[in-house]
Amino acid sequence: MKNTDKFVIVTGGEYSTEKIDISVFKDSFIIAADSGYDSAKKLNINPDLLVGDMDSISELPKETEILRVKPEKDDTDTMLALGIAKGRGAREIIIVGGTGGRIDHLLSNLFMLEALETEGIKAKLYDGENLISVLVNGSQTIPHGVKYFGVIALEDSRVTITGCKYPLKDAPLKRTYPYAVSNEVTDDFARVTVCGRAIVSVTVK
């Protein structure tokens, strides 16, 4: 096994693999979740492990470690992959894909990001166009050059945003009133500080 605490999980679903920046795979242990193996092959990436019930993969690989499970299960294939990554000491996880096609899978993935953050594991969803993370009582910088970014509360929170077109200072942000979207970076970087829990979504392309 690779000696790393950085893991990348490649999912199936609908997203443009040609827009993925393959540098995200550098120095990572790569897990394909079921048909995520097909997506990995489109990216010319060889996963270290394939996990899932194999109900949507085109062809099983011959030279990749495989963990096959029964289709009748409580966890999604992505959840299984996350469990393996955690069990192998992950401190940083990037989920490639996981945003398009199935809304129930997207919501599941977003809430898993929240669970991972509360466990001290930095996790992101990345589909080539969007980079999504969860911020819990902390700060995050967003570089100049991204298209848009937004902050959506998971619970009633207070938010400060600087270096942007629409700044906020210790402003209330409610889960039921998600107004802090479609913002733009105007300085070298924007800084988002959250007291509470919020999703930070960045449109990179």
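Helices (H or I, at least four residues) and strands (E, at least two) are DSSP runs, numbered from the N terminus. The model is predicted: local features need pLDDT of at least 70, side-chain atom pairs count only at pLDDT 80 or more, and totals for chains, interfaces and linings use all residues. Residues are numbered from 1 along each chain as its sequence is written, and side-chain values use heavy atoms, with hydrogens and water left out.

View 1. A polar atom of the T4 side chain lies 3.0 Å from the backbone nitrogen of K6. The side chain of T4 also reaches the backbone oxygen of D27, at 3.0 Å. Leaving aside residues up to four places away in sequence, T4 touches D27, S28 and F29 (contact: heavy atoms within 4.5 Å).

**View 2. The buried face of helix α2 (residues 77-87).** Buried residues of this helix are D77, T78, A81, L82, I84 and A85. Seen down the axis of α2, they fall within an arc of 160°, so they line one face of the helix (the arc is that of the directions from the helix axis to the C-beta atoms). The buried residues of α2 pack against the strands β1, β2 (29-33), β3 (49-52), β4 (65-68) and β5 (92-96), and against helix α3 (103-118). G89 follows α2 and has a positive phi, near 90°.

**View 3. T78 in helix α2.** With 8% relative accessibility, T78 counts as buried. Not counting residues up to four places away in sequence, T78 touches T11, A33, I95, N109 and M112.

**View 4. The largest pocket, with a volume of about 400 Å³.** A pocket is an open set of points on a 1 Å grid over the protein atoms alone, with protein on both sides within 12 Å along at least five of seven lines; lining residues have an atom within 4 Å of a point. Grid points are joined across faces, edges and corners, and the volume is the space filled by probe spheres set on the points. The lining of the largest pocket has 21 residues, of which G12, G13, S35, D77 and H105 lie nearest its centre. Helices α2 and α3 are the elements that give two or more residues to this lining, and α3 provides the largest share, 3 residues. By type, the lining divides into 2 nonpolar, 13 polar and 6 charged residues (nonpolar: Ala, Val, Leu, Ile, Met, Phe, Trp, Tyr, Cys and Pro; charged: Asp, Glu, Lys and Arg; polar: the others, Gly among them).

How values were computed
Polar contact = N/O pair within 3.5 Å; in protein donor to acceptor, adjacent residues only side chain to side chain. Buried < 20%, exposed > 50% of the residue type's maximum accessible area, 1.4 Å probe, protein only. 1 Å grid on protein atoms, 1.4 Å probe; cavity = no way out; pocket = protein on both sides within 12 Å on 5 of 7 lines; lining within 4 Å.
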